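Visitor: I would like to learn how to read a protein model, feature by feature. Could we go through one together?

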Amino acid sequence: LLFIAGWSWAAEVTLVSYDKDSKLLKVAEGDSEKIYKVSNQTKFIALDKKTGASKHLPYEKVVEGLMNPKAKGVLKLDITVQDDQLIEAKLPGRKK
């Protein structure tokens, strides 16, 4: 009998909604929706599509983007999760 505890996995998802009071991120994965808990240890990273450079984002800036009505149903995230906890989220960098 093989038992694996605490494994993590990554996926590309689309933002459905974010509740900043409960820190719950709702995303669409294919045809289903999932909810993940954001914690103080969650890492947020912006990726530059042209150069591939990455930059750490503070939680406050990420919340602004997640709460933007234009992002819902459009914003793509690459997430890493463990159980129901969001470990890391990679977001596309903003256009300048």
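**Reading a hairpin and a helix**

Guide: Let us begin with one pair of residues in this predicted model: Ala28 stands opposite Glu33 in S3.

Visitor: Which strands pair here, and in what sense?

Guide: Pairing is read from the bridges between two strands, and in this case strand S2 (residues 24-29) and strand S3 (residues 32-47) pair in the antiparallel sense over 6 bridges. The two strands form a hairpin with 2 residues between them, and Gly30, which lies in that turn, has a positive phi of about 65°.

Visitor: Which residues of helix H1 are buried?

Guide: Burial is judged by relative accessible area, with under 20% counting as buried and over 50% as exposed. In H1 (residues 59-67), the buried residues are Val62, Val63 and Leu66. They lie on the same side of H1, because they cover an arc of only 105° around the axis. The face of H1 turned away from this buried side carries Glu60 and Glu64, which are exposed.

Visitor: How much of the whole chain is buried?

Guide: Of its 96 residues, 29% count as buried, while the accessible surface of the chain comes to about 7000 Å², with 53% of that belonging to carbon and sulfur atoms.

Visitor: And what share of the contacts joins residues at least 24 apart in sequence?

Guide: Among contacts between residues at least 6 apart in sequence, that share is 52%.

Notes: Residues are numbered from 1 along each chain as its sequence is written. This is a predicted model: local features need pLDDT of at least 70, side-chain atom pairs count only at pLDDT 80 or more; totals for chains, interfaces and linings use all residues. Side-chain values use heavy atoms; hydrogens and water are left out. Buried means under 20% relative accessible area, exposed over 50%, partly exposed in between (1.4 Å probe, protein chains only). Contact means heavy atoms within 4.5 Å. Accessible areas come from the Shrake-Rupley method with a 1.4 Å probe; for residues, only the protein chains shown count as cover. Two strands pair if DSSP finds at least two bridges between them. Helices (H or I, at least four residues) and strands (E, at least two) are DSSP runs, numbered from the N terminus. The arc is that of the directions from the helix axis to the C-beta atoms.
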